[in-house]
Amino acid sequence: MTDRNKCNFIVLGGVGAIGRVVVRDLFESHSRNRILIADYNEAGARAYARSFRVRRVTAAFADAGNPKQLAKLFRGHAVVINCTQHDFNLKVMQAARAAKVHYVDLGGLFHWTRRQLKLTNQFKRAGLTAILGAGCAPGITNVMTRAAADRFGRITSVRIRVGSRDLNARATDFLFPYSAQTIVEELTLKPWVFTRGRFHETNPRTGWERVVFSKPVGMQWVVRTRHSEVATIPLTFREKGLRECDFKVGFDRKFVREVVKRLKDGWTVRDFAKSPAARGKSNDHEVSRVIVRGGEKMITMDCHAKANRHWHASAGDMDTGCPPSIIAQMIATGLIAQRGVLPPEVAVPVEPFFRELRKRGMKIVVKESKP
């Protein structure tokens, strides 16, 4: 890779809600960054590229299911940021390796992540870095886990909880805050948990728990869902004695009941994808929490995010879309130099990452207490 190419980034799925934030963040991070918006929706990609009115943002057609076409497109770039659905992850990684381009994605809902980790030797031999799950959850949550765990000699449990509140939402709204496919899978697939030092599956939509987050999010019902943090954190911190790890996210119980009812009535993911998501007037807040316990001490870390109206981005868009941009730039500049396929808690430097989050309006709040 030449020095000239170090600032060349390609955002696959760059027209989607998260992809658009990744593109915007790369664009505003440094005037030397060049961004190729690659999407199956070529017309949308070209329209979004034109909106920047500069030649360093361009667009192209991309088929995430065609590794040969992707590899040709990826060549000459430093990092590809994969913002497509997780079932394309392996094909996109195959293309990145063939094109000798570093790789970042948003996560693989446990199973895809575990499959991707098996490619680590291939990426090491190619001199490449792949960071899996570089959004908010997974992503920020993994790095917060690392930050908290480093304060202990040994840890016994990691609990991850995410809650949000849309201040514009009405009780009658039926809105999908992020990908309909991901939400349906989170609510229907069996979640994995790590209990007593072992992985096992549980039934979907179980483990409901009331969690009090800081205002304006407040009290939220959270529920277990299948997530990538549980695929990597127990392995990363096994030597520290970790025995328990789970993930729960906030869902309105009425919303969950309505999703399940419509699934029973024959609705598909495509039907749900047509449900509105008012991006243009976002006014929401999100808190991602990690609780790490070790002995007689417990550390709670919260990441606070809010909507960015100038970018027409919700809090969830911001805390999911900015981290992969930050991490991709860390790879391109050499701040992340470790090679192979890695989770964020292994590869991402904690303090520089938190510093970049603060620049984007996100803050990390740390509290130490007794269990």
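Here is a quick tour of a predicted model, starting with a sheet and ending with its salt bridges.

## The sheet

Let's begin with the strands. Seven of them make an open sheet with parallel pairing, in the order E3-E2-E1-E4-E5-E6-E15. Strand E3 (57-61) and strand E15 (340-342) sit at the edges with a single partner strand each, so one side of each has no neighbour in the sheet. From one strand to the next, the twist averages 15°.

For a look at one pairing, take strand E1 (residues 8-12) and strand E4 (residues 79-82), which run parallel and share four bridges. Phe9 has Val79 in E4 as its bridge partner.

## Helices on the sheet

Helix H3 (residues 67-74) lies across E1, strand E2 (34-39), E3 and E4, and runs at about 150° to E1. Helix H4 (residues 89-99) packs on the sheet too, touching E1, E4, strand E5 (102-105), strand E6 (129-131) and E15. The direction of H4 makes about 160° with that of E5.

## Salt bridges

The model has 14 salt bridges. In one of them, the side chains of Asp25 and Arg360 meet at 2.6 Å, N to O. Asp25 belongs to helix H1 (residues 17-29) and Arg360 to the loop between helix H14 (350-359) and strand E16 (363-369), so this pair ties together parts 335 residues apart in sequence. Both Asp25 and Arg360 are buried.

Arg360 also meets Glu356 in a salt bridge (2.8 Å, N to O). Why does Arg360 count as buried? Because its relative accessibility is 17%, and the cut-off for buried is under 20%. Elsewhere, salt bridges with shared partners link Arg159, Arg161, Glu209, Asp246 and Lys248 into one network.

Methods:
Residues numbered from 1 in each chain as written. Predicted model: local features only at pLDDT ≥ 70, side-chain atom pairs only at ≥ 80, totals over all residues. Heavy atoms only, no water. Pairing = 2+ DSSP bridges. Helix = DSSP H or I, 4+ residues; strand = E, 2+ residues; numbered from the N terminus. Axes fitted to C-alpha atoms, helices over the stretch in contact; angles between N-to-C directions. Contact = heavy atoms within 4.5 Å. Salt bridge = Lys/Arg side-chain N within 4 Å of Asp/Glu carboxyl O. Buried < 20%, exposed > 50% of the residue type's maximum accessible area, 1.4 Å probe, protein only.
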